[in-house]
Structures are given as C-alpha cells and as structure tokens.
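Open the model in your viewer and keep the sequence panel beside it. The stops below say what to select and what is there.

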Amino acid sequence: MELLLAVVIGSLYATGLYMLLRRSVVKLIIGLGLLSNGSNLLIFTMGRLVRGRPPIVPEGESSVPPPFADPLPQALILTAIVISFGVLAFALVLIHRAYQKVGTDDLDDLKTTDT
Amino acid sequence: MDVLLAVLSGFLLAPLAPWLDRRLGKRWGWMWALVPLGLFLFFLRFVPALARGEAFTRRVPWIPRLDIHLSFHLDGLSVLFALLISGIGALIFLYAARYLEGHPHRGRFFLLLLGFMASMLGLVLAENALALFVFWELTSLSSYLLIGFEHERESARSAALQALLVTGAGGLALLTGWILLGQIGGGFEITQWRSQREQLIVHPHARWALALILLGAFTKSAQFPVHFWLPNAMEAPTPVSAYLHSATMVKAGVYLLARLQPIFGTMDLWGATIVPVGAVTFSLGALLAVRQSEAKRLLAYSTVSALGLLTLLLGIGTPTAVTAAMVFLLAHALYKAALFLIAGILDHETGVREPERLAGLRRAMPITTVAAVLAAASLAGLPPSLGFLSKELFYEALRAAPRWPLLLLGNAVLAGMALVAVAGLMGVRPFFGRERSELQFLHEAPRPLWLGPLLLGLSGTIAGLWPAGVERTLLNPAITATLGQPAHIHLAAWHGLNPTLLLSALTIAGGVGVYTGRGIVRALAVPRVLARFTPSAGYAALLNGIFTLARFQTRVLQSGHLRYYLLTIIAWTVGIVGYPLLRRADGIALRRSAPEHMMDIGLALLIPLAALAAVRFTSRLAAIAALGVVGYAIALLYMIFGAPDLALTQFMVESLTVILFVLVFYRLPRFATLSGRWARARDVVVSALAGGVVSALVLSVLEMSPPNVISEYFVHKSVPEAHGRNVVNVILVDFRALDTLGEITVLALAGLGVYALMRLRVEE
C-alpha cells in the first residue's frame, strides 16, 4: 500500500507543481490545492499506515494498546488542512478582487504595480 | 600608562571627536595634536631600555579559544614605527587643525584620523598575527574614509574605493596566509613562529603561506603592478596624504616584510619575488614621478619609488641591506611628510598645484623655503642630510647583493637621478628664480602649517649631521629586531673617497641633468600598446567584468516572472534531492508494508486520475469538481487508516472549498491556455521529475524506522495527564495548545482579510 501511496503523492506533487507553473492565476490556485493535499498525504504516509486503529484510548485503559495509527502526523496534518484552507480562501478572494480591478488573470500582465 | 590603553586611546577618543571639536571651537583645533604627542612621549620612554636590548610584551586574552589575543610586542622595530606614527601624527594633527579650520566636518575628520592612527599603532605593535590582521583591515577601512573625505566629488569616491578594494583584497590574501602559517605552527603569535622557524619554512605549505602574505604586503605598500591606487589616493585632503604616504599606511607592508624577515628571509621565494618587484617599483615610480605636473602626484609616485626601494632592500636581507632599509625608512618618513605638507602649503597659499607654474616664492615664504630645501636635500641625497647617508648605505648594500648586483645598482642609479629631479621640482623650482607677476601679495603660511615641515626638515638634517645619536637610540634596536641578531652599525657622514661616493656624485650630476631635461622625459611618448595594458586599465577591466557578471546573473535569476523563480527552485530541488536518491536507487526496498485491499487500490488510483483531470479539464467547474474528488478520496483514505479526525476535517474543508470556488468562480475568467507548446512540454517534464523525486523520497524515508519517542510520550501521557482519550485532540488542545492558538489566529486573520476584500469597493 505504501508503494502505491508514494506514487499517488508523487502524482499530486507533479500535477500541483505543473499548475503552479501556469500563467493563469486561477490555475495556480488549483495547483495550490493539489500540492497541499499531496503534502498532507506525504506526512500521513511517513507516520506508517495502520488500518482501522485510531489512536483513541479505550475506556478503562490508560494507554492505547498497539498497534495504533501514529497520532503525531495526524495532529500536524489537522493543523495543515485548516491553514491551507485559510490560505486558499484568502488567495481566491484576493485574485477575484484583483481580476475585477485589473481585468486579467495572466501573471505576465501583473508584473508591475501600474494598472 | 599601559600599552593596551595607548593603542586603544585613539579608538576611545575618536567617537567623541565631532562633538568635542565643536565644543573646542575652530581656534582650539591644535589641542588634538596633544593626543599623538602624548603617545609619542609614551613610546619615547621605552627607547633607553630598547637601546639596551630589552623588549616588552603585553598580552590580553581576547578570543583565547581561537588563540587570538590582543598581545603587543615592543621591540626596536615596532617602537621605531610607533614613534614615527605618533610623532609625525602630532605634526599632522596640528597642521590639519589649521588646514581645515572652518571646514564644517573637521570633527569628523579628526574622528577618522584618530581611528586611523590607533589602527596603525595596533598594526605595528601587535604580536598576535590575527590581531595584526584586524588592525591591518582597520587601516584599510579608515583610509578608505579618509581618502573619500571630500565625498561630494566622484573622483574622490572612486579613488577611495579603489584603495579599499586593492588593499582589502591583499588583506584577505594576508589572512589566508596567516591561517596557513597558524595551522603549520599551531598558534598565531609571531615570536612563537620565529622560534620555530626551522620547522616552519621546510613545511610544504610554507611557500603558499609566504606567497599570500607577500601579496598582502605588496598591495598595501603599492608595489608594481598594484601601485596605481597610491597616486589616485591623492584625492585625499593634503594632511591625509602626508600622513598615509610618509610614515603610516603604505609603510605597513614594509613593516610586515621587516617583521617576517627573520622567519622567511632564508627562503628562496623571499629574495626571488621581493627583489625584482621592489627593483621595478623603485625605478618605475621614480621615472613616472618626473612625468607628473601636480605636486601631490609627483610626490605620490616618488613614494611608490621609495616603497620599492625599501621592499628591495628587505628582500636582499643582508645586514647592510637591512641597515640601509631602516636608515632610509626614517629619512623617507621625515622628508616625505615634510614635502607633502609643503605641497599643501603651496596649494593653500597660492592656489597653484603645479610646481612648474610657481617661482620665486622665497621672498614671500622664507620659512617654508628653508623647510622645503632641507627636505628636498634629503630626498636628493645631498650631504649632510640623512638622505645622503641612506643613499650611501643602499648603494653599498646593492653592490654587495648576493644576486644581480650590477643590474640592481644600475637600476638604483637611474631611479636616484629621477628622484634628484623630483627634489629639484619640489625644493628649488617654486622658491627660486624670478617672481611671477601674477603671484603677488603672497605671504608666509601660518605657524601651524610651517611648523611641521620645518621640524621634519631640521630633524633630517640634524640626524645626518649627528648620525650616532639616532643610530644608538632608534636605528640599532630596529635593525637588531629585524635581523633577529645584534647588529653593529656605524653611520658616518664621511666614509672616505670610495666607489659608493662616486656613485652618489654621479647620481646627483645625472639628476641635475634629468631636472634640466625634464621636458624631454615628459615628452617621451608611451607606446600605445603599453598605454592600453596598464595595471590600472586591468583594474578597471576587472571591475567592469564583475559588474557585467553581476548584471548577467541578476537578469537570469531575477526575471520577475513567478514561474521562472518556481522553475529554478523546483529544478534545483530535483537536482540536489534526486541525485543522492539516484545513487542509492538499488537500496530502496520496503521492509514492512500494509496489505492492500481492493477498495484502497481503487481510491488510490482515483486520486491521480482526478488530479490529472483537474489539470486537463478546460471547464472551470469540472476542474473544481475534480479537485473535490481528490480531497474526498484522501479523506476516505484517512478514515481507513485510523484517522477519523482528519477525515472529518477534510470532508468539511473540502466541501467549504468547493462552495467557495463555485461562488467566486462565476466571476473569475475562463481557463485560458497562455503558455506555448514548448513551455508546457518543459513544465510537464520538470514537474513529472519533481513528482518522481518526491515518490522516491517517500519510499526511502519509509525504509528507515526511527524510534518514535514523541508519539509514545503523547500516547502514554494522554489519559493520566490530560484526561483525554482521543490522543490527536489532546495533542492539539493540550500538549500543543499554543500552536493551536496560533493557528486559530492565522485563520481569524485570513477570515478578516477575506471579509475586508469582499467589502472593499474598488475605485474605478
């Protein structure tokens, strides 16, 4: 499964980076979304895959009986998901306003501060 | 008073100078001369003990771990230099106070001059090589500021920069040389190197160390072919030129050679490099001097010539040569400072800088005339000046040189003749002959201006008349320290009728001839090929080359297009991460792998397909839907592999994202294909490579299994300490609660930003 996921992560990076290299700002945002998903999955895979054993302490026990999914990458990813949503939302609105003002979404036309 | 305090006093006083100078008022500027005068008296107290053959060391640990100490060594050589620096310094300060009276930035000038003097004292007294280097660079830095003092002038700024770049580059070479020596010798104290010189000079790296150190000395002391910065440095105010180019800055390289002579003097490389460089500089400087018309440039080239002679003599390194070097060092410091100051007086009083345009000033300026004649006599080597003695001595040393004595002697006679002509231009031409009608109503310079030159000129003559006095007190200890063994010299004004005296007479006679025929020397055209390949043209070309390279690489790296920046970053990352991965490609093998289920495989395959669709779709809505599919599929994977919290959050965020996209996308432009076919192909290749590298990276990381102490800690402490059963939640809200607070803040700010942008009315 890890081998498969490694390829999946690679494909998310490849498509995300390709979209980041576009001149259209809208495509850039989609690239950002793909890239952040890829990164999250990468962190998740690094913590090893354990099927169906979430790190939750059962009633009456003081610790999780192994094997269990690593809680640390999950905590990191949880933060990352939320932050990347913030970034995405802000970037989206910013581009929307910029497009209204400038009338283009070609990055080559957005090089100077003159409108 | 302590040596440490003596060296540092200049640095301590310097920052106060602008304020203090304003408080003193313009009439009281001479008070500044008390600082170097006090230092002069301080160093003078050591002279009797040094004459008895004693030496003093004072050591203050600075960075002991790196063997860097503020250690100072007072022996004949360093105290001779310290006396010249402080003694001539006192006269320069006095002169400068009057010369710059009423100048709005006189306080700043004294700040720089004090800093320079202190750096110079530190340089000659330092015993630790690295401390010496620090002071060396401080002199470069402060002389940069002094040369560029009239910073409104472009020529002053570029001359200052040139001096800084040339001496600074040499300084770096010196540092490298020191470090090499330190690694060979295991320490940075110069006396220690001296005691272990036998092992030091046979080490294979010793040659490199010496070559680098010589590079430093040559640049500082303006040896051919890097002599050009010195004449250009004449952009400095005259007191600065007088100070830097008589006794201090440019003598630092000579000092270094004298200091290292006992260590390296016997190495082949020593004589083989220093002697030719010095000899060429000696005669070239003198010949170029005759071709100058401005007094200061004339003196600058004659300084280059003098530095060449000093270097040459130290390169020969025989006891006679070292003796001649020390006598000439003293003589040159005295007459050159005097002549520079006189050039300043002429400029100050007449406004004319070319000696050829002056005549008959002796009536109006009798005292200046006396000073000029005395100093010029020493420069020309006329008896009974100290200059005459030194000329006798260096002819003798060259005659007895172990290598090329005849060549060196001929070269020296030629240079000597040119210097006699220079002396004539500075000491005779402006003061004698018929007065010029356009130069009427002239009067003698004010006392602070003529006092320095007169005292310096008189000292040169007195020392020449009574050489035994300076010999016992100053020169013998310095020669002993340089040779590393006791020297017994006997200077005398009259050596009897011998070949050396004949050479002296020939030089003077020839010099008078050069002076009379100087028009011919000046008219000599330099071949065009030579004029194009001068060292200063080389400097300009080098500087231009660096600028061109900088512009080129800026143009390439700073294109202003986001995608090219990204492309550079991605390509580099692929290179430096991918290369080592490729080298061990055979080693990647999964030891432990979770078993696959059909559903997992289906989900996992769905993700790349949806991602590819998001890239390929031309409809915006379809692309967003594809992006949503990627997100949901990943959320399902989280669910399967024991991360319900992640799955929940991802579902929520993914839904919100799609809603947001759809809301805004109605007002966004349609997808357009803006890049050309080739650009797209290039991007496909680069991003596919990047994806491959990431995949390989994931696999190679999975291969390792580091102990997971942090997760263990959280899992075990979750219930007992934080009373929570969901470990992920406990980490977020308890163990790493502050991080989460930061995250909430970021999200709140992003929300505020979104709100503000939505409400913003764009003015049309």
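Start in chain B, in the loop between H11 and H12, where B:Ala222 lies. Helices (H or I, at least four residues) and strands (E, at least two) are DSSP runs, numbered from the N terminus. Phi of B:Ala222 is near 50°, a positive value in a residue other than glycine. Stay in this loop, between helix H11 (206–220) and helix H12 (229–232) of chain B, and select B:Pro225. B:Phe224 and B:Pro225 are joined by a cis peptide bond, with omega about 5°. Why stop at these two places? Most residues other than glycine have a negative phi, and most peptide bonds are trans.

A word on the model and its labels. The model is predicted: local features need pLDDT of at least 70 and side-chain atom pairs count only at pLDDT 80 or more, while totals for chains, interfaces and linings use all residues. Residues are numbered from 1 along each chain as its sequence is written, and chains are lettered from A and ligands numbered from 1 in the order in which they are written.

**The hairpin of chain B**

Select strand S1 (residues 56–63) and strand S2 (residues 68–74) of chain B; they run antiparallel and are joined by 7 bridges. Strands count as paired if DSSP finds at least two bridges between them. B:Ile63 has B:Ile68 of S2(B) as its bridge partner. The two strands form a hairpin with 4 residues between them. In the turn, click B:Asp67, which has a positive phi of about 60°.

**Domains of chain B**

Colour chain B by domain: domain 1 (1–171 + 224–250), domain 2 (265–524), domain 3 (564–705) and domain 4 (706–764). These bounds come from an automatic or database domain assignment. The C-alpha centres of domain 2 and domain 3 of chain B lie 80 Å apart.

**Two helix pairs in chain B**

Show helix H17 (residues 319–350) and helix H21 (residues 447–465) of chain B, which pack at about 150° with axes 8 Å apart. Axes are lines fitted to C-alpha atoms, for helices over the stretch in contact, and angles run from 0 to 180 degrees between N-to-C directions. H17(B) and H21(B) are therefore roughly antiparallel. Angles under 35 degrees count as roughly parallel, over 145 as roughly antiparallel, 65 to 115 as roughly perpendicular and the rest as oblique. Their crossing is left-handed: the near helix is turned anticlockwise from the far one by less than a right angle, where clockwise would be right-handed. Among the contact residues are B:Leu334, B:Leu341 and B:Ile345 of H17(B), and B:Trp450, B:Pro453 and B:Leu456 of H21(B). Contact means C-beta atoms, placed from the backbone, within 7 Å. This contact has 12 nonpolar, 5 polar and no charged residues. Ala, Val, Leu, Ile, Met, Phe, Trp, Tyr, Cys and Pro count as nonpolar, Asp, Glu, Lys and Arg as charged, and the others, Gly among them, as polar.

Next, select helix H27 (residues 562–583) and helix H31 (residues 677–703) of chain B; the angle is about 40° and the axes are 9 Å apart. H27(B) and H31(B) are therefore oblique to each other. This crossing is also left-handed. B:Ile570, B:Val574 and B:Leu581 are among the residues of H27(B) that meet H31(B), whose side includes B:Leu689, B:Val693 and B:Leu697. The contact counts 12 nonpolar, 2 polar and no charged residues.

**Over to chain A**

Select H2(A) and H3(A), whose axes come within 10 Å and cross at roughly 175°. That makes H2(A) roughly antiparallel to H3(A). Look for A:Ile29, A:Leu32 and A:Phe44 of H2(A), and A:Leu76, A:Ile81 and A:Leu88 of H3(A), all among the contact residues. By class there are 16 nonpolar, 5 polar and no charged residues. In the loop between these helices, find A:Pro67. A cis peptide bond joins A:Pro66 and A:Pro67, with omega about 0°.

**Last stop: the interface**

How many residues does each chain give to the contact? Chain A gives 77 and chain B gives 89. On the chain A side, helix H1 (2–20), helix H2 (25–46) and helix H3 (71–102) each supply at least two residues. The largest share, 23 residues, comes from H3(A). The chain A side divides into 49 nonpolar, 15 polar and 13 charged residues.

Terms used: Contact = placed C-beta atoms within 7 Å.
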